[in-house]
Amino acid sequence: MDFEWQDGERTIRFGRGVIADAPRLLGDAYTLLTTERTAAMAPAVVEGARAVHHVGPGLVDELAAALVDEVGDGLVVALGGGRVIDTAKAVAGAREGARAAAIPTTLSAAEMTAVHRRPKGREQHARNVRPAVVITDPDLSASQPVSELAASSANALAHAVEAPVTTLASPVPTLAAREAARLIDVAWIVEGEDPGHLAREQLALAALLSGYSIDAAWYGLSHVLSQTLVRVGGAAHGQANAAVLPAAIGALERRRPGRVDPDGTLGALARKLARRAGADGIRRLGVDEARLDDCADAAASRAELDHTPPRADRDELRALYAEAW
């Protein structure tokens, strides 16, 4: 599949080999945020940048705060996974007149949303930014090794599961979410093997659709659980989603009986992805069990829980972390 989609103010280019269209879509006056590993995946994008900054490990608000004064106005392009893309969005949001563009190298779907933390210390004066240009080439976005791809797929599946049942859900994003979940299921139908060329393309499209859906419908319980496990527990983002998603699906189905996972298919898929990611249990992510109390405390304060009523309280959150342990 190959398409160019003009969605309001943003242009979305999808298909194998579309990275070759980057010069046309990005122009020649952009600043690039990337990593050493992902820079090697698109050397022409690196060469075309007026400046290149490597994004290290860490929290997005802190990474963006360190870069915001180093990046000029204009287009800020991210070439990387969710951390790099969210950092680029945060930097652009703190610069007057700056825009963001994204070339994803994982299935995080960050390229499709305006969801991100703002630079630390500049929260009040920054804005949230959705990339104006998205270039999704499955040879990049679905290129991860199998275990990492499974974790990233769980992240996309979490978007697809939650978007249809938030208080902001509506028909078109729900249709996109359901198609994303179907594509992820089909892509991972074969156990014990690399998903293969076609399946990786399906996963790339699924991530794009899931990001579109969660950007429109926002997020709630599932994402609060996983994001807090990352920020407070120290888990990696994809693996955190994989570990908590089976428990989160059950909790969402109890809130919307028959509308989330009436036949158990999504729960089974989530468990499969967790196994393939080596994340079938928080205990496997290097998180100290004692930190789960801190995670529950922090998660209980998140406003996003109101999007998936009834609002989860601290006791339910702690019980869900225990179920996912």
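**Reading the chain**

Mentor: Start with the charges: the chain has 35 positive and 43 negative ones, and their mean positions are 2 Å apart. Keep in mind that this is a predicted model.

Trainee: What does the radius of gyration of the chain agree with?

Mentor: It is read against the value for a compact globule, which for 325 residues would be near 20 Å; the chain has 18 Å, and this agrees. The C-alpha trace spans about 50 × 45 × 35 Å along its principal axes. Of the contacts with a separation of 6 or more, 71% are between residues 24 or more positions apart.

Trainee: How many helices and strands does the secondary structure come to?

Mentor: The chain has 14 helices and 7 strands.

Trainee: What share of the residues is buried, and what is the surface made of?

Mentor: Buried residues are 57% of the 325. The accessible surface comes to about 12700 Å², with 51% of it belonging to carbon and sulfur atoms.

Trainee: How do I read a nonpolar core, and which residues have the most contacts inside the largest one?

Mentor: In soluble globular proteins, nonpolar side chains tend to be buried together. Here the largest nonpolar core has 74 residues, and L157, I184, L221, L229, I282 and Y321 have the most contacts inside it. Helix α9, residues 197-217, gives the most to this core, with 11 residues. Apart from it lies another core, of 20 residues, V55, V60, V71 and A88 among them.

Trainee: What does Y321 touch?

Mentor: Leaving aside residues up to four places away in sequence, Y321 touches V224, L225, T228, L229, I282, L292, C295, A296 and A299.

Trainee: Is helix α10 mostly covered or mostly uncovered?

Mentor: Helix α10, residues 221-231, is mostly covered, with 8 of its 11 residues buried. They are L221, S222, H223, V224, L225, S226, T228 and L229. These buried residues pack against α7 (146-162), α9, α11 (237-255), α13 (291-299) and α14 (314-324).

Trainee: How far apart in space are L320 and L292, and L198 and W218?

Mentor: Sequence separation and C-alpha distance are read side by side. L320 and L292 are 28 residues apart in sequence and 9.9 Å apart in space. L198 and W218 are 20 residues apart in sequence and 29 Å apart in space.

Trainee: Where is P310, and what kind of peptide bond joins P309 and P310?

Mentor: P310 is in the loop between α13 and α14. The bond joining P309 and P310 is cis, with omega about -5°.

Conventions. Residues numbered from 1 in each chain as written. Predicted model: local features only at pLDDT ≥ 70, side-chain atom pairs only at ≥ 80, totals over all residues. Heavy atoms only, no water. Core = buried A, V, L, I, M, F, W, Y, C linked by side-chain atoms within 4.5 Å. Buried < 20%, exposed > 50% of the residue type's maximum accessible area, 1.4 Å probe, protein only. Helix = DSSP H or I, 4+ residues; strand = E, 2+ residues; numbered from the N terminus. Contact = heavy atoms within 4.5 Å. Rg over C-alpha atoms; globule rule 2.2 N^0.38 Å. Areas by Shrake-Rupley, 256 points an atom, 1.4 Å probe, with all protein chains shown as cover. Lys, Arg positive; Asp, Glu negative; His and termini not counted. Charge placed at Lys NZ, Arg CZ, Asp CG, Glu CD.
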